[in-house]
Amino acid sequence: MDPKPKPMMFLTVLCLITISSIVVTVEAEYVRPLPRKTLHFPWSRKASSYPQQVHISLAGDNHMRITWTTDDKFAPSVVEYGTSPGRYLSVNQGESTSYDYLFYSSGKIHHTVIGPLEPNTVYFYRCGGQGPGFQFKTPPAQFPITFAVAGDLGQTGWTKSTLDHIDLCKYDLHLLPGDLSYADYVQGKWDTFGELVQPLASARPWMVTQGNHEKEYIPLIKDGFQSYNARWKMPYEESGSSSNLYYSFEVARIHVIMLGSYTDYDKYSDQYTWLKADLLKVDRKKTPWLVVLFHVPWYNSNRAHHGEGDHMMATMEPLLHAASVDIMLAGHVHAYERTKRVNNGISDPCGAVHITIGDGGNREGLAHNYLNPQPEWSEFREASFGHGELRMVNSTHAFWSWHRNDDDEPVRSDQVWITSLASSGCVAEKRHELRKILLAP
Ligand SMILES: [Fe+2]
């Protein structure tokens, strides 16, 4: 994982030091590789009940949802599992769904919740009573825990490179801030995406939220998010939400909120009402870290999608600031950017660190054009493909690093220690302000 010198690489590091305000901004640039082509997935003949596109996600305390697809509409939605290879001592029955989209009919999509499971434990499992055995590791119940983070994945050569690099790091859970398959109405691409990510997504929980590429809305013909909701069911019911487009979960003493940039978020919306109810349940003694994900970034100094998150930010930032959110992760912009702690457009020691990480590797390529001068709140920005790793070391400290896909090697290009707002006094300071907002009608 250590950076290796690249003699051919043109690397400039621009440091602008404003002595009076002691503000240091860093911008790294290097000669970037071109977009890579969409991967070709050769058709292979399998039995119709063979489990395909296996992926897992957290489903409430100590439970895991196993999702897979079969061509056979009569295949059972059962998962056998246990802690020894091939010895499946437990079995759970799940549910299934399917959908039609224009001329496409999906396979049978199975969702089976298993548990209760032990933390930090390897489980072996089999889907539908046949096919290969899989294994996953449950996340730890305590610190430390590591999240892999990459949004806007798609299914190109760069996506494969990003996934390979994530596979190299020891992580417990994948956080994906929207834009998964880039199927864009071509439903078969949801299937190939499911196959592409299966090696990773069947082994560690993937917790996702939606991006614009999940919409697939056709006026008067198709509501949005049909495929996304059918295939990537998240624990929304388990977290008291009425929509798969926003939910929350707790893992290893971290409360994670997944918001929807593409569903209503005004103060009278279901999402906003649910968010207030969810925040009311958060106990920072139990979960000292509060992390939020959504697709469209609020702090973005790239020309791409600049200002698109302003409305959602105007509605939700006061609430999330009062709630002392530590870190907000977004995608959408195909580049990487990390801010200082910020609120209401300026640095604020009790604000959130915003990270845009929509650089997973999709076919649309990178967003190269930045606004200049670099805003005061923007600490690091670079248009390269890559992924992030967020290691929550303990209740007070987390280590964030961003790994650029440089010539197919993950190069750690940005890193920072983040101190929790619970430990810095901000949570206590804003406690009354938060309750006032949460209890307001
Ligand atoms: Fe997007």
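Predicted model: local features only at pLDDT ≥ 70, side-chain atom pairs only at ≥ 80, totals over all residues.

Start with Pro116, which sits in the loop between strand 10 (108–114) and strand 11 (122–127).

Next, select Pro144, in the loop between strand 12 (134–137) and strand 13 (145–149). Here too you'll find a cis peptide bond, joining Phe143 and Pro144, with omega at about -5 degrees. These are worth a stop, as most peptide bonds are trans.

Hop over to Phe225, in the loop between strand 15 and helix 3. This residue isn't a glycine, yet its phi is positive, about 65 degrees. Buried or exposed, by its C-beta neighbours inside 10 Å? Phe225 has 20 of them, so it counts as buried.

Now pick Ser324, in the loop between helix 5 (310–322) and strand 19 (327–330). Ser324 is no glycine either, and its phi is positive at about 55 degrees. Its C-beta has 26 C-beta neighbours inside 10 Å, so Ser324 counts as buried.

**The two domains**

Time to zoom out and colour by domain. Domain 1 takes in 12–17 + 24–37 + 141–439, while domain 2 covers 52–137. Their C-alpha centres are 26 Å apart. Where they meet, 26 residues of domain 1 are in contact with 26 residues of domain 2.

Stay on the domain 1 side of that contact and highlight helix 2 (188–201), strand 15 (206–208), helix 3 (226–231) and strand 16 (247–251); each supplies at least two residues to the side that touches domain 2. Helix 2 gives the largest share, 7 residues. Colour that side by class and you get 12 nonpolar, 7 polar and 7 charged residues.

**Into the core**

Which residues touch the most other members of the largest nonpolar core? Select Met207, Met258, Val292 and Leu329: out of 98 residues in that core, these are the ones. Domain 1 and domain 2 both give residues to this core, so it lies between them.

Setting aside residues up to four places away in sequence, Leu329 touches Val149, Leu175, Pro177, Leu293, Ile355 and Ile357.

**Helix 1**

Now show the side chains: Trp158, Thr159, Ser161, Thr162, Leu163, His165 and Ile166 are buried.

**An annotated stretch**

Highlight residues 146–336, where UniProt (unreviewed entry) places the feature "domain: Calcineurin-like phosphoesterase". Over this stretch the chain is 30% helix and 16% strand, and the end C-alpha atoms are 19 Å apart.

**Last stop: His306**

Finish on His306, in the loop between strand 18 (289–293) and helix 5. With 16 C-beta neighbours inside 10 Å, His306 counts as partly exposed. Leaving aside neighbours within four places in sequence, His306 is in contact with Asn300 and Leu371.

Notes. Residues numbered from 1 in each chain as written. Domains from an automatic or database assignment. Contact = placed C-beta atoms within 7 Å. Helix = DSSP H or I, 4+ residues; strand = E, 2+ residues; numbered from the N terminus. Nonpolar A, V, L, I, M, F, W, Y, C, P; charged D, E, K, R; others polar. Buried ≥ 20, exposed ≤ 12 C-beta atoms within 10 Å, placed from the backbone. Core = buried A, V, L, I, M, F, W, Y, C linked by C-beta atoms within 7 Å. UniProt positions renumbered as here; feature names shortened; annotations may be inferred.
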